[in-house]
Amino acid sequence: MTVIRFGTDGWRGRIADDYTFANVRRCAQGFARWLLDTGQAEGGVVIGYDHRFASEHFAEACAEVLAGNGIRVYLCDRAVPTPVISYSVVARGAAGAINITASHNPPTDNGFKVRNRFGGAVDPQGLREIEARIPPDERGVKRMPLAEARAKGLVEIFDPAPAYIAHLQQLVDLETLRQADLTVVVDPMWGNGIGWLRRLLSPGRIRVVEIHGERNPIFPRMKRPEPIPPNLDDLQEKVRELKADAGIATDGDADRVGLVDERGEFVDPLRVYGLLALYLLEVRGQRGPIVKTLSTTSMLEKLGERYGVPVYETGVGFKYVAPKMLETDALIGGEESGGFAFRGHLPERDGILAGLYLLDFMVRTGKRPSELIHRLFEIVGPHYYSRIDVEFPPERREETRARLDQAQPDRLAGLQVVRIDRSDGYKFYLEDGGWLLIRFSGTEPLLRIYTETTTSERVALLLAEGRRLAGLGE
């Protein structure tokens, strides 16, 4: 029996190893049982999927299980971005969603994610309850063949795009963007974002050039469809070649965004979060709380002070961010990995809308990305960030954890440690307003070491300090 554990954002596994049809059906049965037991099944469930190997077939398997449990299913007619799936929950008044995707994981993986009636991540308690209801084997799974379920009206295949696009038109002036004198290179990274920005921004004066715009489950020329270097080498080269105004990337399921400036330089996701918050606060004149994970930028606290809005810090993952956004009616919520959610939309990451907002920021101010970063730094001061992912033998995990539990450094890279937070990993707050965070990945056998500080020279020093504290060498 495969023991299935939900991590930061659902369950992910290796295709044909632990990620099998049998185990996906077990997950679907656990979700169905949870909905029925908690009285949430009315309204049905949206099921969507990504461009990974056999995702459409795994989605159909989930539809058969929910139908077997008497739960109505709205099955997407094609692979679509995660935020489109999530918005369909709201548009249809559904109870939640199942999304077959491994997001930015390597091509060998796939995943099973669940969403609540708001289209956002299910909270940690809900995930534990779903996990507890997963049957030990397929004998506990109810199924109805897809053809029979469709004939009985339990499964409806639908196009989720029109409702989502109509909603975006209420959030951003697409026609103004279409008429902008800009050249933008878009990289959907072989994934679910294929064609979406080009479709939303056409026809018009704006020139949208798309690369990696075909389905390819092996994600050529990159280890994984995550919108960070070196995966963005082709995008950066294309921006320089075309002398474009910006490059926009979306990850494998298009819920995260990556930004390349007009010089072909990567803009790290902490700076992107600062830009999006500044755009909403200064350009759009909106006000409201900001929700951030502890792995993202301290620039947000400085923006919060300047514009008089509270900033809330949560654990890593949208299973923490989404509930806090709903609780506080937050203006924006986000995390270090390039996922951002917005009030009036969804408590869920949306790389498509984030990309449109970044372009709108450029159009409204007449500035290109490097100039927008200069404006941000005029307000909050320079900030420099980096992250390393360290692979280590699984048998060393507990030894490493014990070592970090005992860590009490007074200084790191010459800076005084003013506070330590062990609520989700090990975060060391520094006297310059910067920080060092060490935490185990929730989805992969990795130790992630992050830092943000106020001088570029100190970044490498702090990352080395993180490796030393974890006992993982230089």
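Predicted model: local features only at pLDDT ≥ 70, side-chain atom pairs only at ≥ 80, totals over all residues.

User: How is the aromatic pair of Phe 31 and Trp 34 arranged, stacked or tilted?

Analyst: Rings of Phe, Tyr and Trp (its six-membered ring) pair if their centres lie within 6.5 Å, and planes under 30 degrees apart count as stacked, over 60 as edge-to-face and the rest as tilted. A search of the whole structure turns up twelve aromatic pairs. For Phe 31 and Trp 34 the centres are 6.0 Å apart with 25° between the planes, so the pair is stacked.

User: Which helix holds Phe 31 and Trp 34?

Analyst: Helices here are DSSP runs (H or I, at least four residues), as are strands (E, at least two), and they're numbered from the N terminus. Phe 31 has a relative accessible area of 0% and Trp 34 has 7%, so both count as buried (under 20% relative accessible area, with exposed over 50% and partly exposed in between, using a 1.4 Å probe and protein chains only). The two sit three residues apart, about one turn, in helix α1 (residues 21-37).

User: How many residues apart in sequence are the parts tied together by Tyr 279 and Tyr 357?

Analyst: This pair is tilted, at 5.3 Å centre to centre and 45° between the planes. Tyr 279 is buried at 0% relative accessibility, and Tyr 357 is buried too, at 3%. Tyr 279 belongs to helix α10 (residues 269-283) and Tyr 357 to helix α13 (residues 351-365), so the parts they tie together are separated in sequence by 78 residues.

User: Which ring does Arg 92 lie over?

Analyst: A charge sits over a ring if NZ of Lys or CZ of Arg is within 6 Å of the ring centre and within 35 degrees of the ring normal. Arg 199 does this over the face of Trp 196, at 5.5 Å from the ring centre. Arg 92, at 4.2 Å from the ring centre, lies over the face of Phe 158.

User: Which residues of strand β12 are buried on each side?

Analyst: In a regular strand the side chains alternate between the two faces of the sheet. Both faces of β12 (residues 290-293) are covered. The buried residues are Ile 290 and Lys 292 on one side, and on the other Val 291 and Thr 293.

User: Which residue stands opposite Ile 290 in β14?

Analyst: Two strands pair if DSSP finds at least two bridges between them. Strand β12 runs parallel to β13 (residues 311-314) with four bridges, where Thr 293 has Thr 314 as its bridge partner. Three bridges join β12 to β14 (residues 332-334), also in parallel. In β14, the residue opposite Ile 290 is Ile 332.

User: What covers the buried residues of α9?

Analyst: Helix α9 (residues 233-242) has Asp 234, Leu 235, Gln 236 and Val 239 buried. Just after the helix, Lys 243 takes a positive phi of about 50°. The cover over the buried residues includes β7 (183-187), β9 (246-250), β10 (257-260) and β11 (266-267).

User: How many residues apart are Arg 133 and Asp 37?

Analyst: They meet in a salt bridge at 2.9 Å, N to O, where a salt bridge is a side-chain nitrogen of Lys or Arg within 4 Å of a carboxyl oxygen of Asp or Glu. Arg 133 is partly exposed at 28%, and so is Asp 37 at 42%. Arg 133 is in the loop between α4 (124-132) and α5 (146-151) while Asp 37 is in helix α1, a separation of 96 residues.

User: Is Glu 210 buried or partly exposed?

Analyst: Glu 210 forms a salt bridge with Arg 198, the closest N and O atoms being 2.8 Å apart. Glu 210 lies in strand β8 (residues 207-210) and Arg 198 in helix α8 (residues 196-200). Arg 198 counts as partly exposed at 36% relative accessibility, whereas Glu 210, at 18%, is buried.

Definitions and conventions. Residues numbered from 1 in each chain as written. Heavy atoms only, no water. Contact = heavy atoms within 4.5 Å.
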